[in-house]
Amino acid sequence: VQLQASGGGLVQAGGPLRLSCAVSGSTFASYYMAWHRQAPGKQRELVARIDSGGGTNYVDFVKGRFTISRDNAKRRAYLQMNSLKFEDTAVYYCNAARGPVDHWGQGTLVTVSS
């Protein structure tokens, strides 16, 4: 399984950005998908997660602003980010997990200008 994250870039505070994660392999539908992020000098942290049935979880600091979704037919996961803040600046990584198996993409940089 390989993951390819895309959609990062430079955006003004308050603006939107949509990240996409393309996943190779035929078993995408059975994976939990998640987005994590790592800001400069900080540890990687979970942002949002979506299970194989479409159930979602968000960390408090993105609730109401970010939406995670998935398209099993396209084998893609998305992170719609609205009302971006300077502190959302980070490298965003997509993650696919199933039981003990864990796969990571290469990350895409999101820079929010204040």
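Colleague: Let's start with Lys63: which residue does Lys63 form a salt bridge with?

Modeller: The general idea first: side chains of opposite charge can pair when their charged atoms come close. In this predicted model, Lys63 pairs with Asp60, and their closest N and O atoms are 3.2 Å apart. That falls within the 4 Å cut-off for a salt bridge.

Colleague: And is Asp60 buried or exposed?

Modeller: Asp60 counts as exposed, because its relative accessibility is 62% and the exposed class begins over 50%.

Colleague: OK, how many salt bridges does the count come to?

Modeller: The count comes to 4 salt bridges.

Colleague: Which residues are linked in a network?

Modeller: Look at Arg37, Glu45, Arg65 and Asp88: salt bridges link them in a network. Take Arg37 as your way in. Arg37 forms a salt bridge with Glu45, with closest N and O atoms 3.0 Å apart, and Arg37 also forms one with Asp88, at 2.9 Å.

Colleague: What parts does the Arg37 and Asp88 pair tie together?

Modeller: Arg37 sits in strand β4 (residues 32–38), while Asp88 is in the loop between β8 (76–81) and β9 (90–98), so the pair ties together parts 51 residues apart in sequence.

Colleague: Is Asp88 buried or exposed?

Modeller: Asp88 is buried, with a relative accessible area of 1%. Arg37 is buried too, at 6%. Glu45, on the other hand, is partly exposed, with a relative accessible area of 31%.

Technical notes:
Residues numbered from 1 in each chain as written. Predicted model: local features only at pLDDT ≥ 70, side-chain atom pairs only at ≥ 80, totals over all residues. Heavy atoms only, no water. Salt bridge = Lys/Arg side-chain N within 4 Å of Asp/Glu carboxyl O. Buried < 20%, exposed > 50% of the residue type's maximum accessible area, 1.4 Å probe, protein only. Helix = DSSP H or I, 4+ residues; strand = E, 2+ residues; numbered from the N terminus.
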